[in-house]
Amino acid sequence: MSTSAAIHLKIQYIGFCSYKSLVILFCLIFTPLTKADLLSATLNYHQGSYSEAKREFLQLAHLGNADAIYNVAVMYLHGQGVEKNKAQAFAWFSLAADFGLLDARDTAMLIAEQADNKQPLDDAYNALLKQLSFQWYDKQLRPELNASPALHLSPERRYTVEPKYPEHAYKNGIEGWVWLEFDIDKSGAVTDITLIDSYPEKTFDKAIINAVRRWQYQGNNQTLPYYNRSLLYHFTTYKGKQYEQSFKSQQREYNEKISDLIDAAEQGNALVQYYIANWLSSNDYNATRLLKYHWQQANANGELLLRSAVNGYANSQYRIGANMLRGKYGKVDREKGLNWILLAAQSGFASAQYRLGRELLNSQYVDYAPNKALKWLRAAAEQGLFSAKRDIALLLFDLKKPMQQVSTALNEALAGDNEHPQLLLLKAKIHAATGNSNDARKLSNSALKEAQTRNWDQSSIRHFIATLP
């Protein structure tokens, strides 16, 4: 049998999903991905845009996407967008087999059986392994999703205020989630909350932010202050028996719409994979109960998040990386975590750029690099991220950069929060450094008053005031 006659793309295109029909269930409004994912690459392939499809498949292949690797092999086998080359096809099929695709191994063996000279096949495979291999992916990126979370030093929440479910959302049965990150200061107070993502957009944001601002944590000198605490908070209307009857009446309609979601995820839509991973991270959604008929494994949310990450979606890449930094997938793995965060940062994801900058400022690690950190903080600041602007001003002062440069950065940060205690303290330090102790005292007192109002730690401000003449 001829190999090229029977081999097709690993992910077949079975038509556009009816996204409009999903709005009733999830209020999702899907927007085109600016980066390649498996579905967009497959669409380009079926529309005959082979060069674009190959570029996208290669991009995903270097993230460890096994289906994309297989599809590159198919294109070499058929000569689509590239010159027909069975040696290259053999190499890419063999690589896909290394990533666990058994039918790729069968195809590679069939090509080898039909070859008069096997040396060019082996040469092509060995050359490819120098660029990309499963061993490289395993060492640099692959998380152990089945591992138990590592014990990680972190503060414990001692005071919680539950967010108020927005009335209009509750009455209409709208469910969703909000992804936040925030810092915790020495006193255990939550500071500088950053909204990373939410669904439906702007529905639950204010409710959870207002609640989290009042949370208090407890810890010690090892755990506080704590930076970039991540929270994926779920808003659900599911209340057990109270909702059983309505759920049964909706189940047929839900099943139809969820089947569309499942199709989109299985076809390689990275955004849908990311959303479903978020749904599966909570058991309290009506929709989750149906989704779990298809994804029954205990770590299904992690598997889908990883699929979305290797499918090029920056939000998922950042979440995977952040999880590895805090040991969610077994041991804390800083190298792999930073690699995933770097991928998301290179895609332009502001929160990843900021996190990468902040991690590179940690002097206890060998990757400490303040100048590189400043580069990534500036990239995030250019996208309007307040925490990045704040840290740039503080870092420039610590690095003893010219006061004019520090002042410019400080003013840009103050435009986002003109009463921020840390920034007012920094302004006071600038005045003190230039000999203006009166203004320094006034500003530091203002910083102290604002920190008291926000219930933030005041020790650094009081210490500075004590040094003033």
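Seven bridges join strand E2 (residues 176-184) to strand E3 (residues 190-199), and the two run antiparallel. Strands count as paired here if DSSP finds at least two bridges between them. What is the bridge partner of Val-178 in E3? That partner is Ser-198. E2 and E3 form a hairpin with five residues between them, and in the turn Gly-188 has a positive phi of about 95°. Eight of the 10 residues of E3 are buried, so this strand is largely enclosed by the rest of the structure. "Buried" means under 20% relative accessible area, "exposed" over 50% and "partly exposed" in between (1.4 Å probe, protein chains only).

Before going on, a word about what you're looking at. This is a predicted model, where local features need pLDDT of at least 70 and side-chain atom pairs count only at pLDDT 80 or more, while totals for chains, interfaces and linings use all residues. Residues are numbered from 1 along each chain as its sequence is written, and side-chain values use heavy atoms, with hydrogens and water left out.

**The whole chain**

The protein chain has 24 helices and five strands. Both are DSSP runs numbered from the N terminus: helices are H or I with at least four residues, strands are E with at least two. Of the chain's 469 residues, 52% count as buried. Take the contacts (heavy atoms within 4.5 Å) between residues at least 6 apart in sequence: 67% of them join residues at least 24 apart.

**One side of a helix**

Now look at helix H8 (residues 119-129), whose buried residues are Leu-121, Ala-124, Tyr-125 and Leu-128. They cover an arc of only 95° around the axis, which puts them on the same side of H8. That arc is taken from the directions from the helix axis to the C-beta atoms. And what do the buried residues of H8 pack against? They pack against helix H6 (86-98) and helix H7 (102-114).

**Salt bridges**

The structure holds 18 salt bridges. Each one is a side-chain nitrogen of Lys or Arg within 4 Å of a carboxyl oxygen of Asp or Glu. Here are three of them:

| Pair | N to O distance |
|---|---|
| Arg-142 and Glu-144 | 3.3 Å |
| Asp-183 and Arg-390 | 3.6 Å |
| Arg-454 and Asp-417 | 3.0 Å |

Is Asp-183 buried or exposed? Asp-183 is buried, and so is Arg-390, the latter with a relative accessible area of 1%.

In the pair of Arg-454 and Asp-417, the arginine sits in helix H23 (residues 437-454) and the aspartate in the loop between helix H21 (403-414) and helix H22 (421-433), 37 residues apart. Arg-454 is partly exposed at 23% relative accessibility, whereas Asp-417 is buried at 18%. As for the remaining pair in the table, Arg-142 is partly exposed at 25%, and Glu-144 is partly exposed too, at 42%.

Some salt bridges share partners, and these join Glu-181, Arg-334, Arg-355, Glu-359 and Asp-367 into one network.

**A loop residue**

Finally, find His-8 in the loop between helix H1 (3-6) and helix H2 (23-26). With 48% relative accessibility, His-8 counts as partly exposed. Leaving out residues up to four places away in sequence, His-8 touches Tyr-70 and Val-74.
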